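Here is a set of questions and answers on how some structural terms are applied. Each answer sets a value against its definition and then concludes.

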Amino acid sequence: MAAEPIGHLDRHHHKTELIQQLLNAFQHDFPLSATPYADIADKLGITEQAVIDLLTQLKQQNILSRVGAVFRPNRVGASTLAAMAVPEHRLEEVADIISSYPAVNHNYEREHHFNLWFVATAENAEHLDSILNDMEKKTAIRILSLPMEKDYHIDLGFPLQLIQGGHHD
Amino acid sequence: MINERKLIAALQHGLPLVSHPYAVIADQIGSTETEVIDYIRFMKDKGDIKRFGVVVHHRQLGYNSNAMVVWDIPDDRVDELGECFGQFDFVTLSYRRPRHLPDWPYNLFCMIHGKDRTDVLKNLDLMVQHCNVADIRHEPLFSNRCFKQRGAIYIHTDDDKKAHRA
């Protein structure tokens, strides 16, 4: 099913270009004003309602995770990256157990002896430890907890290239 | 006076997609629009908020491949190389983490994204050349299945618990 045109924009290419601008320009420097979507609309030359509709649509398509804050790890609450070496035949079962915890936000299979990697976050270190202990008991598999010690990355968002044939450097 | 804990709890699900989103957040936490905006700016200035804006799911946009590259770097060079890796725009994370010997010798982690595996390896090669680390032991751990991905929830309210069960 074709996506509904947004406002007066009925050309697919134009819309993709608009989405690219919206996603690239506002991963960083999102307006902290009373009406941020109207401010974005001014910069893109469309209406506030068109911006809100576009973001709502991207959210429904699961392209947009959210408009909001990326908190610095361990500044707010406690978090860790955890790894487990799960026997292949138990991977889905163990992954489901891990994903069932509300404290877990990312949970990926990776190609390595340590093949299940997840991020767990809690209000404080004690609570985080008790969650990891509980997971070990439920799965009978040891968890390697690798909390961040130092962050070297400045998060400026990620440059997206959505239009075919375009240049990206 | 703003209640920081309440503000974080309200923000972690994302800003509402309405004309005055900060006013909606303010209503939820018994504050004012101006206080909410000023406090978000304050958390950004302090560095508690690393980035405020649109958060995308890379995979849905054709960036289907990512590798967590792990490095075993001499302790006295971690800062230098962590910063060198962190400057590339295709790197979305560059962290020092503890070793767990003998099982886990690696102390620096960075996440490299790309459209496919070849693209990711090309980017890794660029980093290796630029930071001159061909002799440093490292492994790319490619992602396979994604079992779960969403924004971090630091503070769990009763509503969250209901939503997670749903």
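Buried means under 20% relative accessible area, exposed over 50% and partly exposed in between, with a 1.4 Å probe and protein chains only. The model is predicted, so that local features need pLDDT of at least 70 and side-chain atom pairs pLDDT 80 or more, while totals for chains, interfaces and linings use all residues. Residues are numbered from 1 along each chain as its sequence is written, chains are lettered from A and ligands numbered from 1 in the order in which they are written, and side-chain values use heavy atoms, leaving out hydrogens and water.

Q: Which residues of helix α4 of chain B are buried, and what covers them?
A: In helix α4 (residues 78-86) of chain B, the buried residues are V78(B), L81(B), G82(B), C84(B), F85(B) and G86(B). Their cover includes β2 (65-71), β3 (91-96), β4 (108-114) and α5 (117-131) of chain B, where contact means heavy atoms within 4.5 Å, and where helices (H or I, at least four residues) and strands (E, at least two) are DSSP runs numbered from the N terminus.

Q: Why is W117(A) called buried?
A: W117(A) has a relative accessible area of 2%, and the limit is under 20%, so W117(A) counts as buried.

Q: What makes F109(B) count as buried?
A: The relative accessibility of F109(B) is 1%, and F109(B) therefore counts as buried.

Q: How many aromatic pairs are there over all chains?
A: The count comes to 11 aromatic pairs, where rings of Phe, Tyr and Trp (its six-membered ring) pair if their centres lie within 6.5 Å, and planes under 30 degrees apart are stacked, over 60 edge-to-face and the rest tilted.

Q: Why is the pair of W117(A) and F109(B) called edge-to-face?
A: The ring centres of W117(A) and F109(B) are 6.4 Å apart and their planes stand at 65°, so the pair is edge-to-face. Because W117(A) lies in strand β4 (residues 116-122) of chain A and F109(B) in strand β4 of chain B, the pair joins two chains.

Q: Why are α1(B) and α3(B) called roughly perpendicular?
A: Helix α1 (residues 4-11) and helix α3 (residues 33-46) of chain B pack at about 90°, with axes 12 Å apart. Angles of 65 to 115 degrees count as roughly perpendicular (under 35 roughly parallel, over 145 roughly antiparallel, the rest oblique), and α1(B) and α3(B) are therefore roughly perpendicular.

Terms used
Axes fitted to C-alpha atoms, helices over the stretch in contact; angles between N-to-C directions.
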